[in-house]
Amino acid sequence: MKDFLLKLKNKKTFRASIAYTIGGYLLKGLGFITVPIFARILSTSDFGIYNTFLSYEAILYLFISYALHVSIKNARFDMGVDKLDEYISNISILPLFTAIILIVVANVFSASLQTVFGLDRLTLNLLVVYSYCSGLIILYQNRLVVEYEYKRYLQITYFNALTNIGLSAFLVCYVFNEQKYMGRIIGTVVPAILVTIVILYSFYKKNAPRINKDHLTYGLRLSVPIIPHGLGQIVLLSFDRIMITNLVGAAESGVYSFSYTIFTMLQVTATALFSVFDPWAYEKLKENKVGELRKISSLFFCFLSLASIAVIVIAPDVIILLGSQKYADAIYTTIPVMVGGLFSLAYGIPAIVEYYHKKTIYISIGTIGAAVINVVLNYVFIPKFGYVAAAYTTLFSYAMYYLFHSIISYRIARFTIIPIYVLIVGYGMVFVCACITFLTLNHPMVRYLVLLIAIMIVLGIIYLKRTSLLSMIKDKNK
C-alpha cells in the first residue's frame, strides 16, 4: 500500500486532482468556506435573498455564455492543442456582445424587470455582469483543466476567493447596515469582474479575437443543445429555493439553502475529480477500451459514495459548528439533499458517453425530464408540507435524473459504464448510513463508527484495484 501511495504522489494527474480540489473549494465552494462568517452576520432572510440572486445568475449565465465551455474538451481533440487558444479567443466574443445587449435591456426596461424578478436596477445590472463573468471564468477553467495547468488555476482561484471574502465582510459590516445582502452581492461580483479582466487580457494578448464563422458554428453546434440541459440542472439545483422564497418565505429559503452549502463539500471534490477523470475517459472511449473504463468508473462511483457517507455522518455537527443554532433545522433537509446529491454527481459518469459522442440533444432531454418532475412535485408538496418537502422531491428527481442518463448512455454505447451490482452496493450503503444518521443525531460516536467502517471497506476496494488505478494515471500522463 505504501508503494502504491508513493507512486501515486509522483504522478502529474494526482497532483492536478489535488490542485483542482483545493481550487474548487475556494471558488465553487466559496459559499461553504464563508459560512462561519456570513451565517452569523446575515439574517436568514438576507441569506435567502443572496442565494436567490445566485439562483438567477446560474440561469442567466447559460444564456449569456451559450454554454460554450462544453465544447472545449471536444475542440482539444478535434482542433489540437495548438489551435485551442485561438478557438477560445474567437468564441469569447459572442458572450461579450450578448452581455452588452442585456445591460442595455436591463436599464431600458428596468421597471418591468424589477416587477418580474423582484430586484432593483442596481441588482439587475450586477446580475447581468456577474452572469457574464461567471461564464467566462468557467470557459477559462475548462481550458486550464484539459491541459492540467493547475498552477494558473490556483492563482486565479486564490485571488477570487480571498478578495470575495474580505470585500463582502467589509461591505456587510461597515457599509450596508440595512440591506446586508447587497454588501454580500457586491462583494461577490467585484472580484469576479477583476478576474474576468485578467482572463480577457490573457486570451487577447496571445490571440487577438476575430469573428471566425467556423469556430462559432462548431462551438454553438455543441453548446446550444446543452442549454436546456443546463437549465434543467439549475432547476434541479436552485429552483426549489426560488419556489420556497415565493411559497413559504425568504427565512425558510435561507435555512434550506444552508443544506446546499453543506452539499458543496461533496460537490466541489467531485468536480475536481471529474476534471481528471473526463479527459482519461475520452481517451478510453476513443481507444474502445471499455473494460478499463468500467473498472475505473466503478471505483470512482465507490469513492463518491464514500464521500457522500462522510458528509452525511458529519453534517449534524458541521451545521451547528458553521451555522450556529439558528440553522439547526437544516439537518432535516441536508441528509436527503446529500442522498439526492450523489445521484446528481454520479450522472456525470454515464454522461461521459453522451458528451463523447456529441449527443448533446439527448443530454438535454434527460435533464429536462427530471427537472419537470422536480417542479411539479415541488408545487404539489411544498405548500402542503413546507420547505422540508423540497429536499425529498429533489432526491426523487435526481434519482430519475441518473436513471434517464444511464438509459440514454446505454442506448448510445450499448454497455453500462457502471455495473448494476456496483450501483446497488454504493447507493445501498449511502441510504443505510443516511437512516442511521437520522436515528443517531444525538449519538455522534455511533455515526463516526459507521463512517470508519465505510472508509475501511472503500479503502480495501481501492487497494485491491490499485493496478487499474495506476494504469489510468500512467496512461493519462502519457
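Lys-284 and Glu-287 form a salt bridge in this predicted model, with their closest N and O atoms 3.6 Å apart, where a salt bridge is a side-chain nitrogen of Lys or Arg within 4 Å of a carboxyl oxygen of Asp or Glu. The two residues are separated by about one helical turn because they stand 3 residues apart in helix H15 (residues 250–287); helices here are DSSP runs (H or I, at least four residues) and strands are runs of E (at least two), numbered from the N terminus. Lys-284 is buried at a relative accessible area of 2%, whereas Glu-287 is partly exposed at 40%, where buried means under 20% relative accessible area, exposed over 50%, and partly exposed in between (1.4 Å probe, protein chains only). Glu-287 also forms a salt bridge with Lys-289, their closest N and O atoms being 3.4 Å apart, and Lys-289 counts as partly exposed at 35% relative accessibility. Together with Glu-292, the residues Lys-284, Glu-287 and Lys-289 are linked in a network of salt bridges.

The model is predicted, and local features need pLDDT of at least 70, side-chain atom pairs count only at pLDDT 80 or more, and totals for chains, interfaces and linings use all residues. Residues are numbered from 1 along each chain as its sequence is written, and side-chain values use heavy atoms, with hydrogens and water left out.

The structure holds 6 salt bridges, and one of them joins the side chains of Lys-83 and Glu-86 at 3.9 Å, N to O.

Taken as a whole, the chain has 23 helices and 0 strands, and buried residues make up 56% of its 478 residues. Of the contacts (heavy atoms within 4.5 Å) between residues at least 6 apart in sequence, 84% join residues at least 24 apart.

Helix H5 (residues 44–65) has 22 residues, which should span 32 Å at 1.5 Å a residue, and its end C-alpha atoms are 31 Å apart, which agrees; the expected span is 1.5 Å times one less than the number of residues. H5 is mostly covered, with 17 of its 22 residues buried, and just after H5 Tyr-66 takes a positive phi of about 60°.

Helix H8 (residues 93–108), with 16 residues, reaches 23 Å from its first C-alpha to its last, close to the 22 Å expected. Within H8, Ile-93, Pro-95, Thr-98, Ala-99 and Ala-106 are buried, while Phe-97, Ile-100, Ile-101, Val-104, Val-105, Val-108 and Phe-109 make a nonpolar surface patch of about 660 Å². Phe-109 lies in the loop between H8 and helix H9 (110–117).

Ile-363 lies in helix H19 (residues 360–385) and counts as buried, at 0% relative accessibility. Not counting residues up to four places away in sequence, Ile-363 touches Ile-226, His-229, Glu-354, Tyr-355 and His-405. The C-alpha atoms of Ile-363 and Gly-230, which are 133 residues apart along the chain, are separated by 9.5 Å.

As for the cysteines, the count comes to 0 disulfides, a disulfide being a pair of cysteine sulfur atoms within 2.5 Å. Cys-435 is in no disulfide, and the nearest cysteine sulfur, that of Cys-433, is 9.3 Å away. Cys-435 is partly exposed at 48% relative accessibility, whereas Cys-133 is buried at 2%.

Definitions and conventions:
Patches are made of residues with over 30% relative accessible area and no salt bridge: like charges are joined within 9 Å, nonpolar side chains (Val, Leu, Ile, Met, Phe, Trp, Tyr) within 5 Å. Accessible areas come from the Shrake-Rupley method with a 1.4 Å probe; for residues, only the protein chains shown count as cover.
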